[in-house]
Amino acid sequence: MAARHDSQEDPSDAGSVGLPDFGDNIDQMTFEQILEMDDDEDERDFSKSIVFGFFEQAEATFKKMDACLENRDLASLSSLGHFLKGSSATLGLTKVKDSCEKIQHYGANKDETGTNDVPDNNLCLERVGKTMVPLKRDYSEAESILKRFYHE
């Protein structure tokens, strides 16, 4: 029996696409929904264009977030966090989505859950800065996993 490459797909007993273990970086069920839109399971042009478009979008958003952090612009940080939260959730990038949601809340002068007011702008900016570290790390890990999946 020939060895399979980790990202080779197999239909499972339930009829879903067999994917490599994405760990806790990517929600497999959500990502499978994106893959179901592909016309050709070998090429995966449609899902690949969505994923790689997200990479470009995320990189540009990180640059904007860094500038907003430097300019102490909490409202824009909240908006950018909300924006990237939505697109990362669509792909199932759970860790990225969670960090973006925290940034959205901190930018709105709230705690990480969004339930309690935090009127201290300096504290909120500090929390955004600290959240950017795992956000970028988790994004990089997800990007690496997905690039391997698409053989890039």
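## Helix H5

Helix H5 covers residues 121-149, a run of 29 residues. From its first C-alpha to its last it reaches 41 Å, close to the 42 Å expected at 1.5 Å a residue. These values come from a predicted model.

Both ends of H5 can be described. At its start, a side-chain oxygen of Asp120 comes to within 3.0 Å of the backbone nitrogen of Asn122. After the helix comes His151, which has a positive phi, near 60 degrees.

## Overall fold

In sequence order the pattern reads α-α-α-α-α.

The contacts can be sorted by sequence separation. Taking those between residues at least 6 apart in sequence, 59% join residues at least 24 apart.

## Surface and burial

The protein has 152 residues, and 39% of them are buried. Its accessible surface comes to about 8700 Å². Carbon and sulfur atoms account for 47% of that surface.

## Cysteines

Cys68 has a relative accessible area of 11%, and Cys100 has one of 0%. Buried means under 20% relative accessible area, so Cys68 counts as buried, and so does Cys100.

How many disulfides are there? A disulfide requires a pair of cysteine sulfur atoms within 2.5 Å. By this rule the count is zero.

Notes. Residues numbered from 1 in each chain as written. Predicted model: local features only at pLDDT ≥ 70, side-chain atom pairs only at ≥ 80, totals over all residues. Heavy atoms only, no water. Buried < 20%, exposed > 50% of the residue type's maximum accessible area, 1.4 Å probe, protein only. Helix = DSSP H or I, 4+ residues; strand = E, 2+ residues; numbered from the N terminus. Contact = heavy atoms within 4.5 Å. Areas by Shrake-Rupley, 256 points an atom, 1.4 Å probe, with all protein chains shown as cover. Expected span 1.5 Å × (residues − 1). Polar contact = N/O pair within 3.5 Å; in protein donor to acceptor, adjacent residues only side chain to side chain.
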